[in-house]
Every structure is written in structure tokens, then in C-alpha cells.
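Let's take a walk through a protein model together, one stop at a time. Keep the picture in view and look for each residue as we reach it.

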Amino acid sequence: MEKKTALYDAHLRAKGKMVPFAGYLLPVSYEAGIAAEHMAVRTAAGLFDVSHMGEVLLSGSDAFANLQNLLTNNFSGMADGQIRYSPMCNTEGGTVDDLLVYRKDKNLYEIVLNAANREKDIAWIQKQLKGHFALTDISESTSQIAIQGPRSAEILAALADSPLSVKHYTFTENIGVAGARCLVSRTGYTGEDGFELYMENQSAPLVWDTLTAAGRNAGLLPCGLGARDTLRLEAAMPLYGHELDEDITPLEAGLGRFVRMDKDAFIGKEALLSAGIPRRGRIGLEILDRGIARAGDKVILDGREIGYVTSGTMAPYLGKAIAMALIESGGAADGDELGVDCRGRMLRARVTALPFYKAAKK
Amino acid sequence: MNVPGDLFYTATHEWVRFTDDGFALAGLTDHAQETLGDLAYINLSCAAGDTVTAAQAMGEVESIKAVTDINAPVSGTVAAVNEQTVEHPEQINADPYGAWLVKIGPYEPNPDLLDALAYELLIAQE
């Protein structure tokens with residue numbers, strides 16, 4: 001039986017098409033539809049219920065040392081209020097999850113996990129932790145709302161009782177929005193400027209309704225999981241279970257800049273070092289024929305299978321079908337033409353640099 | 001959900017209109033377009049002169065969310081394909097019962113077709 005987020009009733013009122021996802025009932029889209037919701041985020045603003053995400057607090061005098069060991073990124077030199085993205089590897093170098101680390105204090109970090117991996121992650125982290133620490137899962141009591149798009153800052157700033165974070169990947173605690181105390185970070189999963197608001201469950205419905213009403217004139221739409229996926233795909237952001245999994249290393253997934261081999265040690269480092277140059281790599285594809293490549297479709301070069309599609313969609317802003325694929329290293333370069341076996345139909349595809357879409361700098 | 005009373009339906013969400021001059025026009029129902037969402041591509045595997053068989057695929061429809069077969073509602077000979085709809089599948093989202101896809105004729109009667117009431121009952125159960 002799927003759980004409901006604190007915003008379930010708000011989704012029904014907005015005629016959200018509810019689907020089970022990662023153990024929750026969430027809207028795949030609302031009345032406007034995926035394409036219109038996607039365009040709202042690219043041109044104005046969109047509002048997302050991402051309460052299914054997991055949040056855990058890691059505290060204690062050994063919290064930092066444990067993060068350095070558990071995660072591939074480097075957390076030294078981080079100030080309070082900063083956020084870093086990191087893969088978390090298993091001992092083979094495969095990926096347990098990819099997550100965000102918020103530094104609240106030198107001995108207190110909030111870690112935001114993928115919903116579908118929450119229990120697995122917590123069990124894994126618990127097993128690895130050493131020394132003085134406490135790990136607290138606050139997922140069940142925490143709601144998360146994302147407001148994304150070029151107009152999100154003006155909409156949110158007008159409602160907030162104190163200034164919002166200016167820099168990408170920073171956060172401010174205790175910002176009042178619609179009477180709720182929120183942690184507000186300048187982060188997101190759409191390739192646009194935007195914010196993620198964390199709050200107690202009971203505050204979420206009023207925050208949601210207030211943002212929806214305040215943003216209406218600016219063109220804000222509530223957005224479902226469908227647009228969340230097409231937006232992150234245009235921005236070439238990895239999705240766990242597609243571009244990353246227990247058998248895909250972050251180096252293969254093209255996340256090398258978040259894997260700090262210069263750190264003394266971290267789980268997976270030895271396996272990644274001994275594997276040497278990754279045997280596979282993530283590429284972008286633009287589909288040239290009429291069709292949409294989907295996850296699992298085979299990538300073919302000169303009659304030989306060289307990899308598979310990890311995600312694919314019709315990209316509403318770009319107006320063309322795009323896909324990401326994991327292929328043999330050196331198998332193809334930007335501009336090369338490949339084939340994708342799409343349910344028995346061979347589609348022509350061109351290798352394209354990632355990301356497919358990048359927001360204009362302001 | 002719009003289910004016009006003068007049309008017939010398949011359990012796989014195609015509609016068919018029998019015209020006075022002996023043809024069967026086929027398209028995708030309002031329920032189909034609503035479920036699929038924004039349509040991206042129509043790929044028909046049949047052209048004028050080809051034979052199609054009731055309840056067998058005569059093409060595919062792709063939306064952002066999913067891909068699904070388009071089945072022939074009756075057996076017969078393809079008289080025409082509506083290139084307008086094929087080139088602009090979003091017309092099915094806007095006007096599912098106007099944007100026909102395939103014109104079939106001569107055709108054979110298909111006893112498995114549903115009338116509007118039966119089709120409404122079917123989609124109510126989904």
C-alpha cells in the first residue's frame with residue numbers, strides 16, 4: 001500500500017493523475033500535461049511535491065570523518081550553509097546512491113537521499129559508521145517542495161520573511177514562508193534556477209497553496225513526476241536506477257568531478273583505481289528518426305551492440321527526442337551516427353554533447 | 001470523458017466510425033489520449049492498399065510517457081491514411097474524434113466492437 005504525502009489532497013484538488021512511485025502516491029502530471037508543465041519551468045516557474053525524498057541527519061564529532069569515508073566527494077573546506085552533491089559507492093565501485101549533503105554545523109549534516117533507496121542507504125550507512133555519531137531518519141516527518149524556473153526567486157522572495165540564499169548549492173535555515181519555518185536551499189533537479197523547501201509535514205499544505213496562488217500570475221504551474229523526468233533529462237542529470245546503479249560506477253556515469261581520488265580513502269576508491277580507465281561511458285543521443293528511444297533499448301554501431309539506452313524521452317523544450325546511453329568507452333564521438341534498436345525498429349541517432357539544455361546565465 | 005454515441009470502440013481504445021459510403025474511419029479515443037498524455041509520434045505500419053486485421057497492430061503511438069500499439073478495429077483494406085494526423089499527433093490530444101488515422105474499406109464486420117455504453121463501462125473499470 002503506497003503512502004500519501006502531506007500534499008495528497010492538494011494534488012487531487014488540482015486534478016493530479018496519481019501514480020505509485022517509490023512507495024508513494026504522487027502526481028505524474030496535472031491538467032496542463034507534461035509538456036506544458038515542462039515549459040512552465042523553462043520559461044516561468046513550476047512547483048513540485050518531492051516529499052518522497054529521504055532526509056537523514058548525521059551528527060557527532062566523527063560525522064565529517066564518516067562522510068569522507070562513505071562518499072566519493074570531498075567535504076573538507078565546506079562552510080555552514082553549503083551543499084555538496086556526491087555519489088556513494090559500494091566496495092566494488094558501483095553506486096549505492098547519489099545524494100546531497102547539507103552542512104548545518106561542523107558536527108551536523110543533513111543528507112538527502114533518493115526515495116527508492118532510503119532503506120537500503122540507511123542500512124548501508126549504519127553498517128559503515130564508526131566512532132562518535134548519531135544517524136536520525138527524519139523523512140517521515142519532513143515534507144519537501146521544489147519551486148523551479150527563472151521566476152521562482154521573485155515568487156518565493158515575495159513570500160519569505162528573510163533573504164533567500166543567493167548562491168547555487170547554498171541554503172538558509174529558518175525562513176518563514178506562509179507561517180512555516182523552512183530550510184530553503186538554492187538547488188533543484190531541472191537545470192533551472194530554483195529552490196527546495198524543507199518543512200514539517202503539517203506546514204506543507206499551506207506553503208503549497210500559498211506558492212500556487214502567489215505564482216499564478218507569473219505563470220507558475222504545479223508539475224508532476226513526468227515533467228520532473230523530462231526536465232532532468234534535458235539537463236542531463238543522472239537518475240538513480242537509470243544512469244546509476246549498483247553495477248555502474250560514478251566514473252562510467254560521467255560524474256568524475258564528484259569522485260575525489262585525491263582523498264586519502266573512501267569506500268570504493270581501491271576498486272575504482274584498480275579498474276583503471278572506465279570501460280563504459282555515458283553519452284547523449286539525439287534521435288534523428290521518428291521515434292523515442294527508451295531505457296533498455298540497445299545501441300548499435302556497425303551491426304554490433306555497444307551499449308544500451310539508460311533514459312529517453314521527447315524533450316518538450318528542445319522539441320526533439322533525446323536519450324542518454326551507456327556505451328563502450330571510445331565507442332563513439334560527438335557527431336557520430338549510431339543506431340538504437342527501438343522494439344525491433346532501428347532508429348538513427350547522433351551522439352550529442354551533454355547537457356542537451358543549459359539555462360542562460362543571468 | 002467524451003464517448004460519442006454514434007461511434008464504436010475496441011477494448012484497446014480505438015474508435016471506429018462507419019460512413020454512409022462504406023468505409024470505416026479509425027482513430028484513438030479521448031480516454032487513450034488522456035491516458036497517454038502529450039502525443040509525440042504516430043508510426044503507422046500500413047499504407048493505402050495494405051490489408052489490416054482486426055485486433056492486430058497497424059502502427060504505434062508514442063507519447064512522452066509511453067509507447068503503445070494502434071490496433072485495427074476491423075479487418076479490411078486500407079483506403080487512405082490521414083497524413084495530417086500522422087504529422088501532427090497533437091491533433092489527437094485536441095480533437096480525438098476528428099483526427100482520424102486510417103480509412104478502411106472494404107471491411108469485414110467485427111462482432112467484438114463495443115458500443116458507446118459498453119466502452120464507457122470498460123473505461124470506468126480501469
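Helices and strands here are DSSP runs, numbered from the N terminus: a helix is a run of H or I with at least four residues, and a strand is a run of E with at least two. This is a predicted model, in which local features need pLDDT of at least 70 and side-chain atom pairs count only at pLDDT 80 or more, while totals for chains, interfaces and linings use all residues. Residues are numbered from 1 along each chain as its sequence is written, chains are lettered from A and ligands numbered from 1 in the order in which they are written, and side-chain values use heavy atoms, with hydrogens and water left out.

Let's begin with peptide bonds and backbone angles. Most residues other than glycine have a negative phi, and most peptide bonds are trans. Now find A:Pro355, in the segment that follows β20 (345-352) of chain A. A:Leu354 and A:Pro355 are joined by a cis peptide bond, with omega about 0°. Chain B has a cis bond too, between B:Gly105 and B:Pro106, again with omega about 0°. B:Pro106 belongs to strand β9 (residues 102-108) of chain B.

What is the phi of A:Lys15? It is positive, about 60°, although A:Lys15 is not a glycine. You will find A:Lys15 in the loop between α1 (8-13) and β2 (17-21) of chain A. B:His13 is not a glycine either, and its phi is positive at about 75°. B:His13 sits in the loop between β1 (8-9) and β2 (14-18) of chain B. Is each of these residues buried or exposed? Buried means under 20% relative accessible area, exposed means over 50%, and partly exposed is in between (1.4 Å probe, protein chains only). A:Lys15 has a relative accessible area of 51%, so A:Lys15 is exposed. B:His13, at 12%, counts as buried.

Next come the aromatic rings. Rings of Phe, Tyr and Trp (its six-membered ring) pair if their centres lie within 6.5 Å; planes under 30 degrees apart count as stacked, over 60 as edge-to-face and the rest as tilted. By this rule there are eight aromatic pairs over all chains. One of them is the tilted pair of A:Tyr102 and A:Phe171, at 5.1 Å centre to centre with 55° between the planes. A:Tyr102 lies in strand β7 (residues 95-105) of chain A and A:Phe171 in strand β11 (residues 171-177) of chain A, so this pair ties together parts that are 69 residues apart in sequence. Both A:Tyr102 and A:Phe171 are buried. A:Tyr102 also pairs with A:Tyr198, this time edge-to-face, with 5.6 Å between the centres and 80° between the planes. A:Tyr198 is in strand β13 (residues 194-200) of chain A, and this pair links parts of the chain 96 residues apart. Together, A:Tyr102, A:Phe171 and A:Tyr198 form one aromatic cluster.

Rings can also have a charge over them: NZ of Lys or CZ of Arg must be within 6 Å of the ring centre and within 35 degrees of the ring normal. The charged end of A:Arg42 sits over the ring of A:Tyr357, 3.8 Å from its centre. In chain B, the charged end of B:Lys103 sits over the ring of B:Phe23, 4.5 Å from the centre.

Our last stop is a look at how helices meet. Two packed helices are described by the angle between their axes and the distance between the axes. Axes are lines fitted to C-alpha atoms, for helices over the stretch in contact, and angles run from 0 to 180 degrees between N-to-C directions. Helix α2 (residues 34-43) and helix α7 (residues 225-234), both of chain A, have axes that come within 8 Å and cross at roughly 55°. Angles under 35 degrees count as roughly parallel, over 145 as roughly antiparallel, 65 to 115 as roughly perpendicular and the rest as oblique. α2(A) and α7(A) are therefore oblique to each other. In contact, meaning heavy atoms within 4.5 Å, are residues including A:Ile34 and A:Arg42 in α2(A) and A:Gly226 and A:Glu234 in α7(A).
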